[in-house]
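Open the model in your viewer and keep the selection tool at hand. The tour goes from the whole chain to single residues, one stop at a time.

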Amino acid sequence: MGFTFDNPFLAAFAFIIIPIGIIIFSRLKNPFVAAIPLGAPGGVPFKTTQFSGIVKFLKFLEVTGIFLLFFAAAGPSVRTSEMVFLNRGADIMFILDISPSMAALDMNGKSRFSAGKTLITEFAQKRPSDSIGLVAFGEDAALLLPPTADSDTLEMRLDQLRLGELGDGTALGIGIAVAAFHLDKSGAKHKVAVLITDGENNAGAIHPETAAGLMRDMGVSFWVIAVGTSGEVRIDYTDPYTNIRSTGYFDSRYDTESLRRLSAAGGGSFIYAPRAETFAEAFVQLDDAEITIQRTRIINKRYSVSIQFLILACVLLLTVKITRRFVLGAIV
């Protein structure tokens, strides 16, 4: 963003000559004005009226108004540069497990769910030309957000999401199938699906490998990220319907090999992320692998702001005129 003028000479006059002139004339005495003492010798000296402060303020407003008139006449304008993407990026669908076990606090003190939301948001912000969508699953699955380039909307939808709102189970097959259905309708040349889970399929009528096969047949780049450690893990979970909070420890054990086979069935990639560092590294691998060629153009735009300064100058000068006429009785 930059600030320019159509007439730099008038701008220089407003910024340089007017302030210098004010300083010079304020220091010079008027040769045509004689100083005549008022009042009897030795008596009480003459005091200025109660309007002296208002008079000074009005002079300040008047000078400011004149300054803004020259400033507006100089043709001020704001120039901005905007990057426009000339080609469509990838459609990337995240399939996020929101079963209660994702409340496990083994991501450097944060839950698996909270860490996943943060990483998805940061990933979307780094890829402005791609459209990011969101499917969540528990005992059931739902499309929460179709692929969009609006990362703010994605972040807002993730903030609204609550663990357990789709049930206590883990319906991997339905979650993958919902994502496949919507990616199939996408017109993007490159499509990506990323499954983030810490469990094994125990709900739903669709077998996970069957749903993963749909991804492979559609040519979708399929990723499976298995998040969380094994063994006794601390958990802090609040039921979204009863608001009952459960804390303590649970035995976090799931078959990572079944998830590895699931990724193979979809012709994709598998990443095991037991810690916060490996979870973050998984997104780095995803970002590096799913590169999209971006064609961009810089568009320069210019917005004139002369009218705004002209209106402000007129308001100030009119205020001075009205105050002198109706408040001070045109005596100054």
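A residue counts as buried when its relative accessible area is under 20%, as exposed when that area is over 50%, and as partly exposed in between. By that rule, 42% of the 332 residues of the protein are buried. Bear in mind throughout that this is a predicted model.

**The whole chain**

Begin with everything selected and a cartoon display. The secondary structure comes to nine helices and eleven strands. Among contacts in the protein with a separation of 6 or more, 82% are between residues 24 or more positions apart. Now switch to a surface display. The protein exposes about 18600 Å², and carbon and sulfur atoms supply 59% of that area.

**Helix α8**

Select residues 276-289, which form helix α8. How far apart are the end C-alpha atoms of this helix? They are 20 Å apart, in agreement with the 20 Å that 14 residues should span at 1.5 Å a residue.

Next, show the side chains of Ala 276, Phe 279, Ala 282, Phe 283 and Leu 286, the buried residues of α8. They cover an arc of only 120° around the axis, so they lie on the same side of α8. An α-helix has 3.6 residues a turn, so residues three or four places apart point the same way.

Select Leu 58, in helix α2 (residues 52-73). Is this residue buried or exposed? Leu 58 has 3% relative accessibility, and because buried means under 20%, it counts as buried.

Which residues does Leu 58 touch, leaving out those up to four places away in sequence? They are Val 320, Thr 323, Arg 324 and Leu 328.

Select Phe 15, Ile 16, Ile 17, Ile 20 and Ile 24. Together they make a nonpolar surface patch of about 460 Å². Pick out Ile 17, which is found in helix α1 (residues 8-27). Its relative accessibility is 41%, so Ile 17 counts as partly exposed.

**Salt bridges**

Side chains of opposite charge can pair when their charged atoms come close. The count of salt bridges comes to nine; the stops below visit some of them.

- Select Arg 245 and Asp 236, whose side chains meet in a salt bridge at 2.5 Å, N to O. Arg 245 is exposed, with a relative accessible area of 56%, whereas Asp 236 is partly exposed at 27% relative accessibility.
- Select Arg 253 and Asp 251, a salt bridge with its closest N and O atoms 2.9 Å apart. Arg 253 counts as exposed at 60% relative accessibility, while Asp 251 counts as partly exposed at 42%.
- Select Asp 217 and Arg 216, where the closest N and O atoms of the salt bridge are 3.5 Å apart. Asp 217 is exposed, with a relative accessible area of 59%, and Arg 216 is partly exposed at 44% relative accessibility.
- Select Asp 106, Arg 112 and Asp 198 together, which are linked in a network of salt bridges.

Most residues other than glycine have a negative phi, and most peptide bonds are trans.

Select Asn 108 in the loop between β3 and α3. Asn 108 is exposed, with a relative accessible area of 59%.

Finish at Asn 243, in the loop between β8 (231-238) and β9 (245-252). With a relative accessible area of 60%, Asn 243 is exposed.

How values were computed
Residues are numbered from 1 along each chain as its sequence is written. This is a predicted model: local features need pLDDT of at least 70, side-chain atom pairs count only at pLDDT 80 or more; totals for chains, interfaces and linings use all residues. Side-chain values use heavy atoms; hydrogens and water are left out. Helices (H or I, at least four residues) and strands (E, at least two) are DSSP runs, numbered from the N terminus. The expected span of a helix is 1.5 Å times one less than its number of residues. Buried means under 20% relative accessible area, exposed over 50%, partly exposed in between (1.4 Å probe, protein chains only). The arc is that of the directions from the helix axis to the C-beta atoms. Patches are made of residues with over 30% relative accessible area and no salt bridge: like charges are joined within 9 Å, nonpolar side chains (Val, Leu, Ile, Met, Phe, Trp, Tyr) within 5 Å. Accessible areas come from the Shrake-Rupley method with a 1.4 Å probe; for residues, only the protein chains shown count as cover. A salt bridge is a side-chain nitrogen of Lys or Arg within 4 Å of a carboxyl oxygen of Asp or Glu. Contact means heavy atoms within 4.5 Å.
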